[in-house]
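Here's a quick tour of a protein chain. Take a look at the sequence and the 3D view, then read on.

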Amino acid sequence: IKEGKWKKEVVIIKDQQCVKAFQEDEMEADPSMRTHLRDECRRMRERGREPPCYFDDPAPSSSQSRHSRGIQPQQKDKRCGGCGQLGHISTSRKCPKNAGHSPYQRRGTPGAGGTFKIKLTMNKKSETSRKRNTEKQRQEKHAKENSKRQRQAKIRLRGDPFISMQTLLMNIIKQLRSLQISGYFTGPVSHIVYPDYPLKVKTPMDLKQMENKNKAKLYKSREEFLSDVRLLQTNSLAYNGPAHAVSQAASIVVESAEKAVAENAEHFSEIENEIKLKRLSEAMIEVIQYMKGLEESKFLQAPVSKKAFPKYYDVVKQPMDLTTLEQHAKSKKYYSPAEFWADAQLIVKASIQFNKAAHPITKQAEAMIEKGKIRGAAVLDPLPMPERKVVAPKRKRKRTGKSPRRRSSPRRTPNRTTPRRTTPRRTTPRRTSPRRSSPRRTPSSGPPPGTPVNPSIDRPGSNSATGGGPSSPA
């Protein structure tokens, strides 16, 4: 330690008796310390914490105690709510009911260590309803998430044909794995057990490898998948011979795969066509991006502004640019390179119509198309071409006289929600002449007056239902 410098030491005393003695000395030196400790002790008990033994509620000294000075003038007429005496209140230390514990503990029963045991009760019905509502909200949330996930899955399946092909082939692979004889082809052949296998088989294949290729979306058609399945039989014949049990099991696997593919032939055709169309569109987008990177495409990338050239669209009836061409390719509008280059040629045609053939922009458009065709020959021509979907027109249903006509207006409901009829009612006068009232016919009464009498039935003396004459002999 240098001269003139004080050494600062901090000593932590944990002995409770020393701390209590220090506390008493502090309270004698500073009378406000007692009030401070009492307030701090009260705060700790209100928070449910028990103060340490050396931090207990100190008993006030005779000089500082407000109770030692007798009854305060403002408390002479006050009556205690606990014992009923005058001169103090229910929280005062003078109340005999507060003897033995602090007034802050009067309203409860202290447990172990001076703490309170508080029991919170809840209505059983409200607790049950709360749990039911929570469970209902949780189920609604999960149902909403599941529906959203399923909706996204459907959109993904419709948007990406590779995923549809992957799902369809995965089901077929699972069917092949479920066969009892598929244990020979579930995994690759061990080169340790069969060291001469790589010498006889140049292209090994197994169901695990086919599954990995399917997960990587490498199968673009059913023929590629079937060629790998047939490779199992080819490799087995090359190594084991046609009479071996593995070769016979391989033939059964091939037959099962071909049967499963034939059952889904229509679905495979649709997916393969979508894959061809997608690959063709992606290749066209690649060619357009190549043309956008050329220097000649500076003025041909975006549509012509109407503000800059207000008469352009009056002269050019079929405008075209690279951005519009790319949008058409992304929407899968083109089913062949010929259709694509026909729309690309509209860029040159529009420039000739507005700028004339000798204009520099027309020359740049022609050069850009020529370079794009060279690039497209290497990218577009090797791809298989998709088939255009033929959508049959909807047949209109002919109305026949047998079927009743549909009501054009909704039916009236009892609550009169539909507007009332505003068409005029009929103007012909109603029949005002009184109708002749006919008596009700009963089994004992005769026919109504004015009815013609049939002599063969209702003649005098016959035993008719109307009665009236003697009965004739049988």
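T362 sits in helix 13, which covers residues 360-379; helices here are DSSP runs of H or I with at least four residues, strands are runs of E with at least two, and both are numbered from the N terminus. This is a predicted model, where local features need pLDDT of at least 70, side-chain atom pairs count only at pLDDT 80 or more, and totals for chains, interfaces and linings use all residues. Residues are numbered from 1 along each chain as its sequence is written, and side-chain values use heavy atoms, with hydrogens and water left out.

**Around T362**
- T362 counts as buried because its relative accessibility is 0% (buried is under 20% relative accessible area, exposed over 50%, partly exposed in between, with a 1.4 Å probe and protein chains only).
- Skipping residues up to four places away in sequence, T362 touches S351, I352, N355, K356 and A357 (contact means heavy atoms within 4.5 Å).

**The cores**
- The largest nonpolar core has 28 residues, and F185 is one of those with the most contacts inside it (such a core is a set of buried Ala, Val, Leu, Ile, Met, Phe, Trp, Tyr and Cys residues joined through side-chain atoms within 4.5 Å).
- Helices 4, 6, 7, 8 and 9 each give two or more residues to this core, and helix 8 supplies the largest share, eight residues.
- Beyond its neighbours within four places in sequence, F185 is in contact with residues including D206, L232 and V253.
- There's also a second, separate core of 26 residues, with M320, L325, L346 and M368 among them.

**The whole chain**
- The protein chain has 13 helices and zero strands.
- Of its 474 residues, 26% are buried.
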